[in-house]
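Subject: Structure handover

Hello,

I am passing on the structure below, with notes on what was found in it. Please keep it open while you read.

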Amino acid sequence: MKIAVAKGDGIGPEIMDAVIGIFNAAKLPLDYQFVDMGKWVFDKGFSNGMTPEAKETIEQLGILFKGPMETPKGKGVKSVNVTARKTWNTYANDRKFQTLSGVDTVFSKAGINIDLTIVRENIEDTYGGIEHKLTQDVAIARRYITRGGSEQVIRYAFEMAQKKGAKRITCGHKANIMKLTDGLFLEVFNEIAKAYPNLKADDIIVDDLCMKLVSHPELFDVIVLTNLQGDIVSDLCAGLVGGLGFAPSSNIGDHISIFEAVHGTAPDIAGKNIANPTSLLLSGLNMLRHLGMMEKAVMIENALLFTLESGVHTGDFGDKSIASVNTTVFAQAIIDNFGKQSTQNPKPNLKDFDFVSTNKAISKNPMLLGSNNEPHKIVGADFFIESTLQPNELAAVAMQQEKNELKLVTISNRGTQVWPTGSVFTNLVNQYLLRFETENATPLTQSDIINLYSALAKNFQISSVEILNMWGDKKAYSLAQGQ
Ligand code: NAI
């Protein structure tokens with residue numbers, strides 16, 4: 001079986017060589033096709049951090065095993081890691097966090113066993129990096145949450161939870177504040193939950209989730225989250241079990257899947273052969289399971305767990321009274337322990353989830369469409385304008401442009417209503433939102449909005465316009481705070 005391998009930057013080549021050494025010693029039926037990806041490829045002039053040949057190979061083989069890759073700071077350069085996940089639609093980021101004997105944490109010392117899986121949505125949310133400066137002082141980001149994208153990741157989470165015999169699946173969210181975006185994610189979670197009556201499905205607000213995770217992590221089993229919240233919560237969970245060095249990560253898609261360590265390129269220790277390859281190895285074991293090589297995965301995992309339990313460790317963890325070993329020696333210790341079993345660590349599960357991707361060739365981009373076809377109408381528009389006027393002065397000018405039934409209903413600043421009612425204590429920035437709505441939700445045409453735009457543009461610098469839609473009798477836009 002052929003897979004694409006990208007060694008990455010920094011410690012990437014060292015830990016990848018160590019892991020492939022372990023795989024070779026285990027005589028895995030794998031053929032590695034090395035591809036050029038990372039900061040060093042970016043430096044050669046390939047703006048997305050990979051060569052066209054690398055892209056073609058990965059799309060053909062469907063599996064990418066990758067080391068960490070550096071994202072150049074600033075300069076508008078996008079992360080090659082995020083680009084890869086998004087371009088190939090690896091919608092579910094699956095990370096497991098387990099208490100491991102040999103890796104001491106406050107919880108292991110207190111006898112509290114952690115066995116958590118976080119499924120993080122991997123494509124949407126603020127990770128589109130769609131950002132704009134609306135004025136010199138005001139920057140905004142778009143946050144995408146879609147029905148189709150949420151369905152893909154939440155369905156994966158339920159399937160995985162069911163197959164691994166989980167008792168509970170929890171949706172973390174902030175739907176109390178972000179009612180439309182996180183509200184949609186939660187709605188999809190509740191809809192999909194109906195198809196899995198044997199799983200206890202519940203939801204929790206993400207801040208409460210964080211508090212409970214650091215006080216009672218043993219209460220949770222599988223947790224599914226949107227992208228940014230999932231990013232933060234999964235690193236928090238890595239901390240609970242001993243750090244990023246022990247957190248494997250699978251990025252699962254329908255056609256292409258990426259297996260990588262959670263940590264970065266560790267520039268401070270790169271080239272010294274002292275990095276810990278465990279996270280990449282555990283990610284590689286997820287890949288073997290994904291490819292159906294269950295027995296070999298369990299054999300290597302047993303050897304890793306035995307090695308950890310016996311006290312062999314790299315410099316970043318373990319018992320400080322035992323001298324640490326370098327990356328090569330650590331990998332060799334695992335190879336020497338093939339066939340051995342840990343007594344204290346959890347037994348690797350032969351039935352652990354195998355979500356085999358199809359990697360069928362496809363000829364056009366899949367379109368994710370929901371089934372809702374309630375009637376649509378436009379009932380107004382939000383105009384984001386630049387101004388340093390006070391709210392009342394601004395309203396007086398804006399109201400001159402009211403057309404027939406299209407009325408100015410609210411003015412807000414950073415999401416807080418400042419007109420028709422508001423407080424003088426609300427601080428303002430030089431960017432307001434003027435909301436025009438029709439009375440009684442009378443439908444408008446796009447031309448009505450363009451006409452209003454032209455009229456307002458005579459008085460204001462307009463930075464952006466958002467159409468106010470209704471589907472059926474539901475308003476598809478949020479109210480300003482205080483509206
Ligand atoms: P980092 O994870 O590279 O390093 C944080 C700290 O953890 C450092 O002290 C490092 O020495 C240590 N560390 C990380 N992995 C280790 C290992 N395997 N063994 C021993 N110690 C280890 O995070 P940082 O410094 O924020 O990022 C460095 C670069 O990595 C950045 O360019 C960042 O964009 C990139 N990055 C790439 C990721 C990926 O490829 N998936 C993920 C995270 C960061």
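Predicted model: local features only at pLDDT ≥ 70, side-chain atom pairs only at ≥ 80, totals over all residues.

Residues are numbered from 1 along each chain as its sequence is written, and side-chain values use heavy atoms, with hydrogens and water left out.

Ligand

The ligand is surrounded by 20 residues, the closest being Met69, Gly264, Ala266, Asp268 and Asn276 (a residue counts if one of its heavy atoms lies within 4 Å). By class, eight of these residues are nonpolar, six polar and six charged (nonpolar: Ala, Val, Leu, Ile, Met, Phe, Trp, Tyr, Cys and Pro; charged: Asp, Glu, Lys and Arg; polar: the others, Gly among them).

Among the polar contacts (pairs of N or O atoms within 3.5 Å), a backbone N or O atom of Thr265 is 3.0 Å from an oxygen atom of the ligand. Nitrogen atoms of the ligand take part as well: one is 3.2 Å from a polar side-chain atom of His263, and one is 3.3 Å from a side-chain N or O atom of Glu260. On its own the ligand has 820 Å² of accessible area, of which the protein covers 67% (Shrake-Rupley method, 1.4 Å probe).

Pocket and cavity

Both are found on a 1 Å grid over the protein atoms alone: a cavity is a set of points where a 1.4 Å probe fits but cannot get out, a pocket is an open set with protein on both sides within 12 Å along at least five of seven lines, and lining residues have an atom within 4 Å of a point. A volume is the space filled by probe spheres set on the points, which are joined across faces, edges and corners.

The second largest pocket has a volume of about 720 Å³. Of its 24 lining residues, Thr87, Trp88, Asn89, Ile362 and Pro366 are the closest to its centre. This pocket lies between domain 1 (1-90 + 256-371) and domain 2 (92-252), because both give residues to its lining (bounds from an automatic or database domain assignment).

The largest cavity has a volume of about 50 Å³. Its lining has 13 residues, with Phe42, Glu70, Pro72, Lys78 and Val80 the closest to its centre.

Backbone

Most residues other than glycine have a negative phi, and most peptide bonds are trans. Asp125, not a glycine, has a positive phi of about 70°. The peptide bond from Trp419 to Pro420 is cis, with omega near 10°.

Regards

Conventions. Polar contact = N/O pair within 3.5 Å; in protein donor to acceptor, adjacent residues only side chain to side chain.
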